[in-house]
Amino acid sequence: MFCGLIRVDSEARRRKKGDESLLGCNRCTMVSLLLQSTNRAVFSCIVGGKTELNICMKIKFPFSSGHYKWIADMPAILVGLVLLVLGVFADYLNTSEREAAQRKLVHDQLSTLRAQLEGHINSNIHLVQGLVAVIAEEPELTQERFAEVAKHLFGTHSKLRNLSAAPDLVIRYMYPVEGNEAAIGLDFRKHTNQYHAVKQVVELGKSVLAGPVNLVQGGYGFIMRVPVYTARARNGDRFWGVVSAVIDIEKLYRGSGLLDDGLGIAIAIRGDNATGAHGQIFFGQKEIFSLNPVLLDVTLPYGTWQMAAVPSSGWSQNPASVFLFRTALLAIGALILVPLIILGGVQKKKSDNDARLRGLFALSPIGIALNDFETGAFVEVNDALVAPTGYTVEEFLKLRYRDITPVEYIEMEAVQLAHLEQFGRYGPYEKEYIRKNGERYPIMLRGMMIRDAAGKKLIWSIVEDLSGRKQSERALRESRGKYQRLVEDIGDQFVIYSHKVFTGEVLYVSNGFQTIFGFPRDEVLGENWATAINWLPESLDLARGYDAALVERELESVQFEMFFIHPDGGQRTLLVSAHPALDQSGNIMTIDGIVENVTERKKIENNLIVARIEADRANKAKSEFLSNMSHELRTPMNAILGFSQLMELDQQLSGRNREYVNEIMQAGNHLLALINDILDLARIESGRIEMKLEPVSIDPVIEESVNLMAGIAQKNSIRILRHGSAGLAVVADRMRLKQIMLNLLSNAIKYNREGGAVWIKATPVDEKWVWITVTDTGYGIAADKLMELFQPFNRLEANESGIEGTGIGLALTKRLVEQMDGSVSVTSKVGVGSIFGIKLPLSPVAVNRKRSNGESGDGLSDVARDDPDQYAESFGSPEFRKPVKATVLCIEDNPANLRLISQILRLRPVNFISTHSPALGIELARTHHPDLILLDINIPHMDGYQVLHAIKKDPVLKHIPVIAVTAKAMAHDIERGMAAGFAAYVTKPLDVDRFLQSIDCHLDS
C-alpha cells in the first residue's frame, strides 16, 4: 500500500494552456495504491462519501525527489553531527579517566601475583640446579646418593612433587620412589610427546618448563627439565642426561596467591609449555581474554606465560553522573533537532510521494492511462501501455481510446461508461486493442472516475496485455488435451485412478477400467474403492495399510500386488503403483496412481517357476543317473582290466595267451575311454561338469601328452614336432586341457599318412588369447563335411576305414574348450591335411609346475614314463618281495572285485583279510588291528561313509588309514570322500600300479 500526495506532470495540458496548471492546488487528497499478486493496480480515494480523485498536477518538478530529500534533511543532519561529536568527546574524556584508574588497580594487583609466581618458579629452579651440580660432579652416583641429595630440596617452601634423573634419557633415579614407581625405567625416546620436549631441552642446552602435563605416575604437574653435562678435561663437557623436577600445580598456585579468596580480580593464564600468548589456556576461564583484560608476561627459564586479569565483577558500568550528563546533552539536542526533523519530514514526504508516483507510473509492468472522460483523448500514458501497440508515446497521445478499439466493442464500451458514471468505476472486462499495423491483441481493462479541482471528469485506467496469458492458456489446453488422450488411450491393461484420502471416494478412472474389472467405470465413480470391487481380504488389508503409510508420509510412493475376483468368477492380479497428491497448502487430498493387469504375466512366471523346478529335478535325476551309471559301468571294467593286468605280469604266461591278454586290455581300455567320453559329454550337456580354472603352463601339458602318444606315433612312423609353447600359460582346467590335447593328438596320428608328421604350435594372438594348433599331414576333410565333425558319434567316412574310434572325441573337445571360455576352429584341405586349433584365455602369470615325489603330470613315475616295461618287470624284483609284517583288511561286497584285490595284494607280503559285510568288517578290524583298511563305498546295509564314521569314532581303530576303493569316480564324489576323512580315494577300474603305490605309501608310513 502506497499513500501520498500526488502531483502529475502533463505535457499535453501545457501545450494547450501554456504553463497554467491543469488543476488548482486548493485541495490534495491521499491516494491509496494496492499492487496485487495479479499485477493489477486499483486506485481509490474516498472524498465526502463519494469515490473520486482530485489531483494537483504541475508541469515539471524543479528538483528530483533525491534533491528534496537532501535539502530537507541537511539542517538537522549538520546540527546533529555537531552535537554528536561534542557529546562523544566529552563522554570519552570522562570514561577514559575512570577506566585508567580502574585498570591501574588491576595492574598493580596482577603484578604482585606475577612476581610471587615467578619467585616460586625460580626458587624451585635454583633447587634443581643444585642437584644438577651434584650429578655433574658425581655422574656415577647411586639411587641412595641421589635420594640423600634430593631430600634436602623438599623444604617448607619447596613446591616440588618429585625429582627424577634420566641418564641417556632413561629414568633411573627417582625421589621419592613411593608413588612414582611407574615412572622408573621410562625411556623418553619411546614416548613421542615427552621425547619432543626432552629433545628441545637437549638442543637448547638450558632449562625448559613444560606443562601442565599428564604424569606417568598419575595426576598433573609442571615439569622442569634441566640438561646435565659432566666435565671432561680433554673433550669438554659431555652430555649426561636430563633431570626432571615435577612442580605441584596446586602448591605453586596456592603459594603464589592465585587461589586466595577475596582477590577481587579474575585471572587466567595461557602459554602451556612456555609458548606465551600463542599457547593454550591452562588456568582460569578462557572468556577473561576476551574482556579487554590487563595482560602481563611471566618470564620463564625458556619462554613465557601470559597472565590476564579483569575485576571479579567486571569493569564497572557508567556512574549515575554520566547518565545525567548524557541525558542533558540528549535533551538539548532534541530541542534543537526535533523542529528541524519535522520540517524535513514534511518536505521528505512530499518528495517521496512524487518519486513513488513517478516510479509507479513509469516502471509499472502494466499499462496505465489517464483519459479525458468527455473526449476519450489520452492525457498521460506509460511505456507498458504503449509498447505492444507499435506507436511512440508522442503518437499515442494524439489518439483517443476509440481510435484503437474495434467497432464490435463500441456497444460494450457504452455499457462500461454508463457503469463508470453511475458507480465511479468500471471493469474488469476483456476487449481488444488495435496495433499500429492493424493487428489486434487482447487486453483486460479496469478503471475509476476522478475529478480535478475544477470538477472536470478524468478516467484512470489499468490496461493489462493478455497476449502472453492467452497463449499460455492455449498451450495449457492443448497440453491437457494431449495428456487426457494419453491417459484415456493408455491401453486395456492399465487403469489410472484417483480417490479421496479419507472417504475413499473414487474421483477418476481411465478407459481401461471395464476391460480389467468387468463393469463400466461409471458404476465405480463416486463409490468407495474398497467396497466397489471384490478384493481378496488380504489384498484389501495390504492396500489400506499402504494408504495409511502414504497419508502419514511414511512413504513417498509404493508399488505392490493386489488380487480381486472378476465378475466372471476368475481371480485377477494387479500391480498397483500409488502416491499422494497434495493441494497448494501441502495437504494430502487424494491418492493417485496406476494399476496394471499382470494376471497373464504372473501365470507365465508361475509356469516358468514350475518349469525351472522340473528342469532342476530332471538335472538332479540325470546327475544321479550319471553317477550310478559311472559306478555300474566301472565295476565290471574293474575286474576285466584288473585281472588282465595281473595276467600280463605273470612271467609263465605263453606268448599266445599274452597276446590274448593284450587284446583284452586294449579292448577294455578302449571301452573305458568310451565310457569316460560318454559320461563327460553327458555331464557337459547337463551343465554338471566341474571345471577348476587356473593358470596352466602349456609346455608341461603338451610334453605329457606327446609322451603318452609317442608309442602310437612311432608304430605308425609319424613324427611329432613342437614349436612356440615355452613360457606360455593359459587359464584352463589342467586335467581337461590334457584330455583335449590327447584327443587332438590321437586324431592327428590315427588319421595321418604312414610316415607323416604332426606339428603342435602355441602362439599368443594378442594380450588376451593363445592359439594352440595341431596340424597333421593326413588325407584332409572336405569343406562341406567340416561342420559335421563336432557332432557326437559322427565319424564321417571313418567307419569304413577300419580305424578305431567313437566319434565323441571332437564333440567332447569342443564342449570342454567352450566351458573354459575358449573356442575351437578347424581348417582342412583334401589331400594335404588338417589344422585343429583351440583358443584359450592367456594367463598373465607364467606357471612352473614343479613335480613332487618324482611324479609327472600324468601320475606315472619318471621310470614308468621313460621305460614302462622296466617298471612292469620291477613287480617281480626282490625290492618288492621284502617281508613286511602288515595286515590289510578289505571290505567289498562284489566277489569279482574282492578276488582281483586279493590277487593284486599277492604281489606284496601282507596278511590279507576280507569280508563282504560292513558290520563284520568292523568286528574284524577290532580283532586283528589291521595296518590298512580297503573300503568300498557302495555296499549294502551300511555305506562306506557310515563304516568310516564308525572306525573314526573307535579310539582303537581311529588311527588306521582307510582307502576308498570305489566305482564312484565323479569329481564331487572324490571331493566328498577326501573331505569325509579317507586317506586316499582309488577309483575303479583299478590302475594296478597306482593302487599298489597308494598301498605301499600308507603301509610305509
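Colleague: In which element is Pro428 found, and which residue does a cis peptide bond join to Pro428?

Modeller: The model is a predicted one. Pro428 is found in strand 17, which covers residues 425-434.

Colleague: Where is Pro176 found, and what is omega for the cis peptide bond of Tyr175 and Pro176?

Modeller: Pro176 is found in a loop, between strand 7 (173-175) and helix 4 (192-204). A cis peptide bond joins Tyr175 to Pro176. For this bond, omega is about -10°.

Colleague: Is Glu432 buried, partly exposed or exposed, and with which residue does its side chain meet in a salt bridge?

Modeller: Glu432 has 22% relative accessibility and therefore counts as partly exposed. Side chains of opposite charge can pair when their charged atoms come close. In the salt bridge of Glu432, the N to O distance is 3.3 Å. The partner, which counts as partly exposed at 40% relative accessibility, is Arg440.

Colleague: How far apart along helix 14 are Lys602 and Glu605, and what separates their closest N and O atoms?

Modeller: Lys602 and Glu605 are 3 residues apart in helix 14 (residues 599-649), so about one helical turn separates them. Lys602 is partly exposed, with a relative accessible area of 21%, and Glu605 counts as partly exposed at 33%. The two residues form a salt bridge in which the closest N and O atoms are apart by 3.5 Å.

Colleague: Of Asp187 and Arg189, whose side chains meet in a salt bridge, which is buried?

Modeller: The N to O distance in this salt bridge is 3.7 Å. Arg189 has 46% relative accessibility and so counts as partly exposed. Buried means under 20% relative accessible area. With a relative accessible area of 17%, the buried residue is Asp187.

Colleague: How many salt bridges does a search of the whole structure find, and which residues are linked in a network?

Modeller: The search of the whole structure finds 29 salt bridges. Salt bridges also link residues in a network. The residues in that network are Glu138, Arg145 and Glu148.

Colleague: Where is Arg553 placed, and what is the value of its phi?

Modeller: Arg553 lies in the loop between helix 13 (537-551) and strand 22 (558-565). Its relative accessibility is 52%, and therefore Arg553 counts as exposed. Arg553 is a residue other than glycine, yet its phi is positive, near 65°.

Colleague: What is the relative accessible area of His929, and what is its phi?

Modeller: His929 is found in the loop between helix 22 (918-928) and strand 34 (932-935). Its relative accessible area is 42%, so His929 is partly exposed. Although His929 is not a glycine, its phi is positive, at about 50°.

Colleague: Are helix 21 and helix 25 roughly parallel or roughly perpendicular, and what is the handedness of their crossing?

Modeller: The axes of helix 21 (residues 895-905) and helix 25 (residues 992-1004) come within 11 Å and cross at roughly 70°. That angle makes helix 21 roughly perpendicular to helix 25. Helix 21 passes helix 25 in a crossing that is right-handed.

Definitions and conventions: Residues numbered from 1 in each chain as written. Predicted model: local features only at pLDDT ≥ 70, side-chain atom pairs only at ≥ 80, totals over all residues. Heavy atoms only, no water. Axes fitted to C-alpha atoms, helices over the stretch in contact; angles between N-to-C directions. Helix = DSSP H or I, 4+ residues; strand = E, 2+ residues; numbered from the N terminus. Parallel < 35°, antiparallel > 145°, perpendicular 65-115°, else oblique. Left-handed = near helix turned anticlockwise from the far one by under 90°. Buried < 20%, exposed > 50% of the residue type's maximum accessible area, 1.4 Å probe, protein only. Salt bridge = Lys/Arg side-chain N within 4 Å of Asp/Glu carboxyl O.
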